[in-house]
Amino acid sequence: MACEYILVGSGRARMEPDLCATPHMQPMRELKTEVLVVGGGPAGSTTATFLARRGRRVLLLERERHPRFHIGESLLPANLPILERLGVLDEVARIGVLKRGADFPAENAPGFNVFRFDRALGDTPPHAFQVRREDFDLLLFRHAGSQGVDARDGVRVRDVELRDDSVVAIAEAEGGETWRIRAEYLVDATGRDALLGRRLGLRRKHPRHQSAALFAHFRGVEPRSDEDAGNISIYVHDHGWAWMIPLREDVFSVGIVATPELFKDRTEPPAGFLRRILDSVPQIRERMANAEMAGNLHATGNYSYLCDRMAGHRWIMAGDAGAFVDPIFSTGVYLAMRSGEGAAAVVDGCLREPKRERALQREYRREVQEGLRALSWFICAPCRGSSCASRRRRCAGCLRILATTSIWRGP
Ligand SMILES: Cc1cc2nc3c(=O)[nH]c(=O)nc-3n(C[C@H](O)[C@H](O)[C@H](O)COP(=O)(O)OP(=O)(O)OC[C@H]3O[C@@H](n4cnc5c(N)ncnc54)[C@H](O)[C@@H]3O)c2cc1C
């Protein structure tokens with residue numbers, strides 16, 4: 001369903017005083033929509049699709065052009081029911097690598113233990129997929145378009161004003177054209193850019209959990225065999241952890257997570273530094289003896305944070321825009337899509353019954369935060385144990401909590 005477009009003159013656009021900070025004073029397009037979703041990653045495309053299915057007029061804006069590189073390639077079994085509800089499961093299976101579990105180093109004959117999804121608690125599917133995010137995100141974005149969302153890439157939202165009766169956003173399209181968008185509701189799905197979290201000063205960094213990541217795609221990594229061919233492999237090095245994710249066409253995503261200090265103190269170029277840390281783990285050194293980088297090297301901060309509020313009058317956050325936790329258990333895309341589905345229900349409910357806005361948002365926040373709390377505890381638990389046995393006990397306790405926390409179940 002297309003949005004209403006009104007091109008305002010060709011002279012200088014008149015703007016609200018508080019939104020005058022936009023750098024371009026060119027012809028300005030005026031747009032009106034019911035819901036503006038900012039960010040065309042998994043959270044944004046999921047929210048937009050479910051809203052369009054509920055009959056809402058949705059404008060979805062992504063600042064980059066799809067397909068674009070993104071980190072976060074390992075999905076969880078819990079993603080599959082959401083992909084099915086969206087109607088894209090078969091297509092994801094076509095672009096992905098079948099992932100039956102995760103493996104961790106062990107002192108046994110094969111050198112690793114596998115946590116197989118078919119032995120997991122609950123009734124989640126027995127497998128997941130590894131995906132190139134450029135393909136996965138493009139698929140979700142295009143699918144949103146096919147479901148009636150007005151999905152535009154190459155358009156960056158620069159500013160938003162939250163009013164009592166509407167939301168006004170200023171966006172800049174490629175080529176410098178400025179758009180002024182009036183919406184009844186705003187969904188912030190801008191990922192770790194956290195448009196509203198930063199703008200409203202709501203982002204609270206985790207005091208202890210601070211790290212950075214360096215990663216790239218490689219060819220020539222020794223694959224696992226048979227049933228384990230699609231596993232994600234997790235390793236521990238002296239300063240953090242590392243991952244290996246098999247993608248299509250014999251490409252592996254390989255990366256390290258470590259303290260920011262380690263990155264700051266490095267003396268060699270990033271590629272050599274990545275290789276040195278990887279080579280410090282004998283099992284990785286062996287598997288990567290003949291590996292060569294295939295593409296660019298990427299670096300990112302990896303700070304965990306939570307926004308004090310995830311929703312307010314006429315706005316809501318979904319995915320990383322509201323919170324980010326360490327990706328060690330590959331939970332990011334699932335949380336993004338699950339919260340996107342929840343956010344769509346809240347926005348639709350608020351537009352139908354504005355008086356229930358607070359109650360609907362409270363329930364959304366409770367569910368998202370409860371899941372995140374359990375997950376954070378799970379991530380930190382192994383670090384707290386004083387012995388292997390106590391760490392294992394803590395992990396088992398965390399698993400029980402995760403299995404009984406509502407964010408891990410269907411809607
Ligand atoms: C090192 C690392 C490894 C990870 N590994 C995994 C993994 O294996 N599995 C997993 O599930 N998760 C992983 N994650 C987490 C995963 O990347 C995120 O949780 C996931 O991408 C969140 O989806 P999202 O839609 O909320 O945000 P994003 O995917 O970041 O999408 C946000 C989109 O918003 C756009 N945007 C931002 N600002 C604007 C603006 N102003 N206007 C318009 N558009 C805008 C961005 O261009 C982007 O496309 C990892 C994260 C890191 C840092």
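Which residue in β15 is the bridge partner of Ser233? The answer is Met244. This structure is a predicted model, in which local features need pLDDT of at least 70, side-chain atom pairs count only at pLDDT 80 or more, and totals for chains, interfaces and linings use all residues. Residues are numbered from 1 along each chain as its sequence is written.

Start with the overall picture. The protein has 11 helices and 22 strands. Helices (H or I, at least four residues) and strands (E, at least two) are DSSP runs, numbered from the N terminus. Of the 411 residues, 42% count as buried. A residue is buried if 20 or more other C-beta atoms lie within 10 Å of its own, exposed if 12 or fewer, and partly exposed in between, with C-beta atoms placed from the backbone. Two residues are in contact if their C-beta atoms, placed from the backbone, lie within 7 Å. Among contacts between residues at least 6 apart in sequence, 72% join residues at least 24 apart.

Now return to β15. Strands of a sheet pair through backbone hydrogen bonds, either parallel or antiparallel. Here two strands pair if DSSP finds at least two bridges between them. β15 pairs with strand β14 (residues 232-237) in the antiparallel sense, over 5 bridges. A hairpin of 2 residues joins β14 to β15. β15 also runs antiparallel to strand β16 (residues 251-258), with 7 bridges between them. There, Gly240 has Ala258 in β16 as its bridge partner. The hairpin of β15 and β16 has 4 residues between the strands. In that hairpin, Glu249 takes a positive phi near 60°.

Strands β5 (residues 101-105) and β6 (residues 112-116) pair antiparallel over 5 bridges. Phe104 stands opposite Asn113 in β6. The hairpin leaves 6 residues between β5 and β6. Gly111, in the turn, has a positive phi of about 90°.

Strand β2 (residues 28-38) and strand β11 (residues 178-188) run parallel, paired over 10 bridges. Lys32 faces Arg182 in β11. β2 is also parallel to β3, with 4 bridges joining them. In this pair, Val38 stands opposite Leu61 in β3.

β12 and strand β19 (residues 305-307) share 3 bridges. Lys205 sits opposite Tyr305 in β19.

Next, look at helix α4. At 1.5 Å a residue, the 14 residues of α4 (residues 133-146) should span 20 Å, and the end C-alpha atoms are 19 Å apart, which agrees. The expected span is 1.5 Å times one less than the number of residues in the helix. Which residues of α4 are buried? They are Phe136, Asp137, Leu139, Leu140, Phe141, His143 and Ala144. These buried residues pack against α1, β3, α2 (79-86), α3 (89-95) and β8 (150-153). Gly148 follows α4, and its phi is positive, near 105°.

The ligand comes next. There are 39 residues around the ligand, and Gly41, Gly72, Gly191, Gly319 and Gly332 come nearest. A residue is near a molecule or strand if its C-beta atom, placed from the backbone, lies within 6 Å of it. α1 (42-53), β3 (58-62), β9 (155-162) and α9 (332-352) each supply at least two residues of this shell. α9 gives the most, with 4 residues. The shell divides into 15 nonpolar, 16 polar and 8 charged residues. Ala, Val, Leu, Ile, Met, Phe, Trp, Tyr, Cys and Pro count as nonpolar, Asp, Glu, Lys and Arg as charged, and the others, Gly among them, as polar.

Where does the ligand lie? Domain 1 (4-70 + 133-205 + 305-408) and domain 2 (97-130 + 211-301) both give residues to the shell, so the ligand lies between them. The domain bounds come from an automatic or database domain assignment.

Finish at Leu162, in strand β9. Leu162 is partly exposed, with 16 other C-beta atoms within 10 Å. Not counting residues up to four places away in sequence, Leu162 touches Val167, Arg314 and Trp315.
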